[in-house]
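Visitor: I'd like a close look at one single part of this structure, and then how that part sits in the rest. Could you walk me through it?

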Amino acid sequence: MANVIKLKKGLNINLEGTPEEKFVNVKEAKKVTLVPDDIVMCTPKIVLKAGDAVKAGDEVFHDKQYPEIKFVSPVSGVLEEVVRGDRRKVLGIVISNDGKGTSAKLPVIDPKTATVDEIKQAMLDGGVWPFLTQRPYGVLANPSLQPRDIFVTALNTAPLAPNFDIIVKGQENDFQTGLAALAKLSKGKVYVGAAASTTIPAVNGVEKVTVEGPHPAGNVGVQINNFKPINKGEIVWTANAQDVIVIGRILNGKCDFSRIITIAGSEIVAPAYAKVQAGASLADILDGKVKHVEYKQRVINGDVLTGVATGLAGSLNFKGQTVTVIPEGDTTDEIFGWITPGLNRYSTSNTGLAGLFGLFKSKKWKLDARLKGGPRALIVSGDWERVFPMDIYPEHLYKAVLAYDIDKMEQLGIYEVLPEDFALCEFVDVSKNPVQQVIADGLVKLRKEME
Amino acid sequence: MKLNDYINEKIDPLFQKGGKYEKLWSIYDSFHTFLFVPRHTAARKGVQVHDSVDSKRVIMMVILALVPAALVGMWNVGYQHDLALGINDGWFMQFLYGLVAFLPKVVVSYAVGLGIEMAVACMKREEVAEGFLATGLLIPMIVPVNTPLWMIAVATAFSVIFAKEIFGGTGMNIFNPALITRAFLFFAYPKAMSGDEVFVRTGSALCNSPIEGTAVVDGFSGATPLAAVADGTFDPVTYSTMDAFLGCIPGSIAETSTLAILLGACLLLVTRVASWRIMCSVFVGGALMSAIIAAFSENAPTVAQQLCLGGFAFAAVFMATDPVTGCRTNTGKYIYGLFIGVMAILIRMFNTGYPEGAMMAVLLGNACAPLIDYCVVNSNISKRAKRVNA
């Protein structure tokens with residue numbers, strides 16, 4: 001059987017500010033911030049105090065539940081501050097970067113000859129274990145388990161996100177090392193989902209799955225559901241191509257946590273790719289790149305579907321791929337939205353001419369952050385299904401989560417989804433429901449209940 | 001100062017928390033959001049951009065789709081009046097007559113329904129949902145022209161409170177509120193809902209008081225064709241199907257013209273506001289059942305007549321396709337539609353107590369929709385369960 005997933009359902013949101021395939025320079029990060037909240041359900045235990053000197057690769061904190069999972073500093077310098085919020089919750093750990101790049105000595109691991117334990121240890125100590133996501137729930141992978149399979153997505157279909165082909169180019173060696181290591185960790189196989197046109201080289205011992213279709217085809221959850229769905233009781237680990245490269249780098253002895261991201265969106269002067277340090281402040285990354293305008297802009301740590309509007313004060317997500325800047329739109333008064341022909345209003349719905357004539361596909365759109373409607377109970381049916389390419393009834397699952405009916409949630413496939421899979425449902429929703437948040441809260445609650 | 005700035009700076013604060021009229025915020029918000037698209041922006045987490053479509057726009061499409069049927073219906077009210085009195089004062093006067101007969105019903109239905117909805121929204125400090133904007137127009141369109149206004153008011157109030165608000169408002173109701181209104185009228189005031197005298201207005205346009213010097217022509221009967229079907233006097237051979245298709249037969253105000261209803265159907269289908277799965281399968285179900293009955297009975301209307309007569313087409317296009325009360329799974333929609341189509345004709349032909357079955361069929365369909373969805377979703381559930389055991 002050829003490994004091909006062809007998806008028809010879904011939607012590519014055609015936004016202004018698509019990154020050009022070139023790299024721009026970014027100011028070196030003076031500070032990096034590690035945000036434990038970037039990892040779902042991670043409770044940090046900080047091992048350093050403010051004022052401690054750190055080298056790149058030194059442990060800064062570890063997870064309380066799995067103390068062996070370490071989070072390391074990506075740069076060398078001094079731990080400046082631990083920012084805490086309500087009930088002393090750790091919001092961020094700020095490390096000033098001395099720019100010297102002194103790093104801890106890392107062992108070089110050859111995944112072909114190394115044992116599973118050696119690979120695990122190197123990944124845990126090197127601080128790259130958190131790049132693995134465990135499904136169900138989308139949490140830190142439990143190092144003492146062996147997953148049924150490991151799925152790596154090398155296809156990025158999210159709006160304005162970087163093309164993995166460009167990221168892997170020049171880092172093939174690290175990518176291969178990373179994949180070879182994952183192959184050892186998996187009970188079953190390692191599958192790499194990529195487009196048919198991909199330039200990413202094939203790797204021995206790893207199975208390639210060709211994925212075709214609009215977003216969310218690149219979501220690893222969608223690929224798993226269409227290829228080899230997760231059943232109750234099974235666990236699967238996932239990662240994306242960029243994270244596999246970082247894993248490979250560490251195993252190759254290079255302590256380098258930098259990432260290639262896109263700086264994109266309609267408010268960016270020249271949208272492009274950039275190499276940045278994980279945890280770098282968005283203010284540094286965007287310095288001199290944002291258009292000067294009179295209205296308010298929204299700085300998103302991530303893409304427009306799953307990102308967080310942290311503003312310039314935020315710092316690049318641990319697994320960040322994109323920084324997007326769009327207009328906030330909170331001072332826009334659009335008149336008679338319910339009846340205007342809608343040539344200039346982005347909509348996939350045929351109730352406006354933009355949807356009817358397919359302009360939402362053919363034209364580039366500058367979208368702001370408005371909801372453009374009030375919250376309502378679910379009225380229209382069938383819209384979510386059009387953008388949800390999984391063998392799951394999204395609306396029924398959503399309602400089961402709202403009601404927190406655990407049996408129904410299990411039966412309808414809660415273990416196969418993460419909030420990101422519902423992002424497009426939330427985008428097209430006529431009733432403007434916070435779909436991702438509901439799913440996310442439901443997953444957290446469910447995991448606490450099940451463990 | 002521009003209007004939007006004036007509203008945002010001067011008027012808006014009055015209705016916000018702490019403002020002078022904060023209790024009326026829901027009402028203010030419903031008007032404000034009709035004037036301007038709301039400014040609220042996405043939460044910090046979650047989807048940061050949204051599709052422009054909202055419930056207002058969707059409901060507006062339904063209202064636009066109802067316009068052709070309403071216009072032809074109004075004209076037909078005047079036309080039937082002229083036929084009954086044996087006069088002809090031209091299509092425009094006929095339309096005006098119908099307009100005067102129809103408008104007060106619309107006003108009453110909206111005033112009562114929206115009044116209740118707004119009061120409830122203010123109590124809950126929620127936004128006013130738009131659902132009733134469609135319901136409020138549907139109600140006067142599906143009642144006989146001679147229905148007294150107070151009956152419409154009572155029935156609308158009953159339906160909005162007991163069929164909708166107690167379930168939690170728009171989106172939560174089990175039964176179609178417009179049809180509940182109709183059913184309430186049908187059972188509470190049966191004399192005003194059926195018979196030969198309710199579907200044609202012979203008196204003055206506004207209140208049906210007798211007009212001096214006029215009399216109905218000899219041999220006039222205000223009976224609808226379906227009444228003739230029910231009492232066995234219907235003759236499918238001589239009956240003009242074209243009249244039923246175009247809408248110049250007696251009937252509830254806007255249900256008569258199948259052509260106008262189909263125009264509305266086109267809009268609903270093109271905009272994808274109504275499900276083609278439901279709409280088509282109601283017609284298919286109705287046609288199938290009609291064909292079966294026509295094959296066994298000589299006096300039964302033909303398939304085309306069945307689909308054009310009474311409220312069948314109206315129910316198929318505007319009632320069965322209500323997404324809230326219908327099936328929500330795609331597979332379920334086919335079954336739901338077929339069920340309604342078959343039941344509408346069955347009730348019409350075999351229950352002499354109800355000359356028309358469309359209303360009952362859709363309400364029955366509403367009641368069964370959750371069960372149909374349950375079965376459809378269960379097949380997905382059992383597929384998932386089998387995967388575990390395999």
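Visitor: Which residue just after α11(B) takes a positive phi?

Guide: That's B:Arg272, with a phi of about 60°. Keep in mind that this is a predicted model, so treat the angle as a computed value.

Let's back up into the helix itself. Helix α11 of chain B covers residues 258-270, which makes 13 residues. From its first C-alpha to its last it reaches 18 Å, close to the 18 Å expected at 1.5 Å a residue.

Now for burial. The buried residues of α11(B) are B:Thr258, B:Ala260, B:Ile261, B:Gly264, B:Ala265, B:Leu267 and B:Leu268. B:Ile261, B:Gly264 and B:Leu268 are among the buried ones, if you want a few to click on.

What do they pack against? The partners of these buried residues, within chain B, are α3 (55-85), α10 (241-246), α12 (276-296), α13 (303-308) and α14 (312-319).

In general, nonpolar side chains in soluble globular proteins tend to be buried together. Here the largest such core has 239 residues, and A:Val152, B:Phe314, B:Ala315 and B:Val362 touch the most other members. The element that gives the most to this core is α3(B), with 14 residues. Zoom in on B:Ala315: setting aside neighbours within four places in sequence, its contacts are B:Ala320, B:Ala344, B:Ala358, B:Met359 and B:Val362.

Then there's the other chain. In all, 61 residues of chain A are in contact with 51 residues of chain B. On the chain A side, β18 (297-301), α10 (394-403), α11 (406-412), α12 (423-428) and α13 (435-450) each supply at least two residues. The biggest giver there is α12(A), with four residues. By type, that side of chain A divides into 25 nonpolar, 22 polar and 14 charged residues.

As for chain A overall, it has 13 helices and 19 strands. Its radius of gyration is 22 Å, which agrees with the value near 22 Å that a compact globule of 451 residues would have. Its C-alpha atoms fill a box of roughly 65 × 50 × 45 Å along the principal axes, and 56% of its residues count as buried. Among its contacts between residues at least 6 apart in sequence, 69% join residues at least 24 apart.

How values were computed. Residues are numbered from 1 along each chain as its sequence is written. Chains are lettered from A and ligands numbered from 1 in the order in which they are written. This is a predicted model: local features need pLDDT of at least 70, side-chain atom pairs count only at pLDDT 80 or more; totals for chains, interfaces and linings use all residues. The radius of gyration is taken over C-alpha atoms; the globule rule is 2.2 Å times the number of residues to the power 0.38. A residue is buried if 20 or more other C-beta atoms lie within 10 Å of its own, exposed if 12 or fewer, and partly exposed in between; C-beta atoms are placed from the backbone. Two residues are in contact if their C-beta atoms, placed from the backbone, lie within 7 Å. The expected span of a helix is 1.5 Å times one less than its number of residues. A nonpolar core is a set of buried Ala, Val, Leu, Ile, Met, Phe, Trp, Tyr and Cys residues joined through C-beta atoms within 7 Å. Ala, Val, Leu, Ile, Met, Phe, Trp, Tyr, Cys and Pro count as nonpolar, Asp, Glu, Lys and Arg as charged, and the others, Gly among them, as polar.
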